[in-house]
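Here's a quick briefing to read with the model open in your viewer. Keep the sequence handy too.

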Amino acid sequence: MKDVILSVSDFVALLNQTLEFAYPSVTVVGELANFRVSKNRWVYFDLKDETANVKFFGTVYQLPGPLEDGMTLQVRGTPRLHPQYGFSVTVQSMQPMGEGTIRRAAALLEAKLAAEGLFDVERKRPLPYPPARVGLITSSESAAYADFVKILNERWGGVAVELADVQVQGEPAPGQIIRAIEYFNQMAEPPEVLVLTRGGGSAEDLAAFSTEHVTRTVAASRIPTLVAVGHEVDTSLAELAADQRASTPSNAAQLLTPDKRHEFERLADYRQGLSTSITQNLQEASSRYVEMMSALDEAIKQRIDQANQQLTADRQLMVALSPAAALSRGYAIVRAEGRAVSSVSQLKNQQKINLQLRDGDAAAIIRS
Amino acid sequence: MTRSMNTNETKSVNYQTLSAELDELLSKLQSNDVDVDQAVALYERGMAIVKQLEAHLKTAENKVTKIKKQFGDAA
């Protein structure tokens, strides 16, 4: 090597080849310093410890959220010697490390997203109760998955659960969770609700649930979301962005479904209510019928009485008007040749006539 | 056979919708605005829904399907 004389450019190229071969990817943990963003796109910073300081270069899309100097970061990247600007590591991914930094990063991000209105109560949509189809995003090997399904089965039946098996911690977790949420949202017939869940863990274990991209994807989901992270004091940002949060995976299953036993009781109440109502309804109808019948009876009776009275009056009138009545009062009917005579012009001298009186007939002769 | 019947039943019963219909139907029946024929029809429909929902509670099972797609790599 000592006999080889290189141009500066060749030296840089050779060094980069060597670096690429020896360290295609390195992961470095250190304290963030000189953090700055250029043109809203490029990110420059250093990672340092007590004795060393290394430059890094990346894009804003790789940021886990707002950062500030002093935070502890774990950065994966490719070491590279730039022809003009010297040595730096090109960032592939970066995440906050350590309890303090994670909390601080989450607080900064929370403030930023809250200011944008991502956590506003007005954005919260109601969840279907109970849903017929659920998109479940969790690790199939986790206790969270087992708990959720167990409680769901205890409480309710008939739910179709579609499981997106993802890692819920570690570097690949945010990307997998985001792709799962997007997968469900792009379905022609998406499920009615998305459940994103995992059990409790350290701040680092739960970091995926507080990254900016995951939080934004939860907030942007067209499908209503339920996010549950087990037994935590701090609420993850994904939970804040969700339409509803649950305290544990079991609690998520509880919030989604009624309890079968209560539902049986409720249905029994309905059965009772229906019976009572129909009985009342029929009783009322029947009492209305009885009232109508008696009203009808009364009306008919009145009509009959009226008719009777009319008949009596008519009979009296007829009696009053009959010839017999006139005869009994002393009138007589005069008949000549069998016909009643009502005028003297009908009579001649010496004509025989017949007189009908009250109690019999008599013959007579007309004179003059 | 039993399994596929359960699946069909699951699909046919939308618990939420039927439950809401039952609620509406009962308050209509209680309102006294209905004549006897309507009341009897409401009662019969209500009882049929109650039976259907009870059967659903007794027999329906949850079904978990794991999505084949891998979420490990950006696709």
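How many of the eight residues of helix H7 (residues 249-256) of chain A are buried? Six of them are, so helix H7 of chain A is largely enclosed by the rest of the structure. Buried here means under 20% relative accessible area and exposed means over 50%, with partly exposed in between, using a 1.4 Å probe and protein chains only. Bear in mind that this is a predicted model, where local features need pLDDT of at least 70, side-chain atom pairs count only at pLDDT 80 or more, and totals for chains, interfaces and linings use all residues. Residues are numbered from 1 along each chain as its sequence is written, chains are lettered from A and ligands numbered from 1 in the order in which they are written, and side-chain values use heavy atoms, leaving out hydrogens and water.

**Chain A overall**
- Chain A has nine helices and 14 strands; these are DSSP runs numbered from the N terminus, with helices being H or I of at least four residues and strands E of at least two.
- Of the 368 residues in chain A, 38% are buried.
- Take the contacts (heavy atoms within 4.5 Å) in chain A between residues at least 6 apart in sequence: 60% of them join residues at least 24 apart.

**Helix H7 of chain A**
- The buried residues are A:Pro249, A:Ser250, A:Asn251, A:Ala252, A:Ala253 and A:Leu256.
- They pack against helix H3 (143-155) and strands S6 (133-138), S8 (193-198), S9 (225-229) and S10 (244-246) of chain A.

**Helix H1 of chain A**
- H1(A) has 15 residues and reaches 21 Å from first C-alpha to last, close to the expected 21 Å, where the expected span is 1.5 Å times one less than the number of residues.
- Its buried residues are A:Val12, A:Asn16 and A:Leu19.
- Down the axis of H1(A), those buried residues fall within an arc of 65°, so they line one face of the helix; the arc is that of the directions from the helix axis to the C-beta atoms.
- Strands S4 (72-82) and S5 of chain A are among what covers them, while A:Gln17 and A:Phe21 are exposed on the face turned away.
- A:Val8, also in H1(A), is exposed at 64% relative accessible area.

**Helix H2 of chain B**
- The buried set in H2(B) (residues 15-30) is B:Tyr15, B:Leu18, B:Ser19, B:Leu22, B:Leu25, B:Leu26 and B:Leu29.
- These fall within an arc of 125° seen down the axis of H2(B), so they line one face of the helix.
- Their cover includes helix H8 (260-321) of chain A together with helix H3 (36-59) of chain B.

**Pocket and cavity**
- On a 1 Å grid over the protein atoms alone, a cavity is a set of points where a 1.4 Å probe fits but cannot get out, a pocket is an open set with protein on both sides within 12 Å along at least five of seven lines, and lining residues have an atom within 4 Å of a point.
- The largest pocket is lined by 38 residues, with A:Gln62, A:Pro64, A:Met94, A:Pro174 and A:Thr211 lying nearest its centre.
- S5 (86-96), H2 (99-116), H4 (173-185) and H5 (212-220) of chain A each supply at least two residues of that lining.
- The second largest cavity is lined by residues including A:Ile137, A:Ile181 and A:Thr225, and S8 and S9 of chain A are the elements giving two or more residues to the lining.
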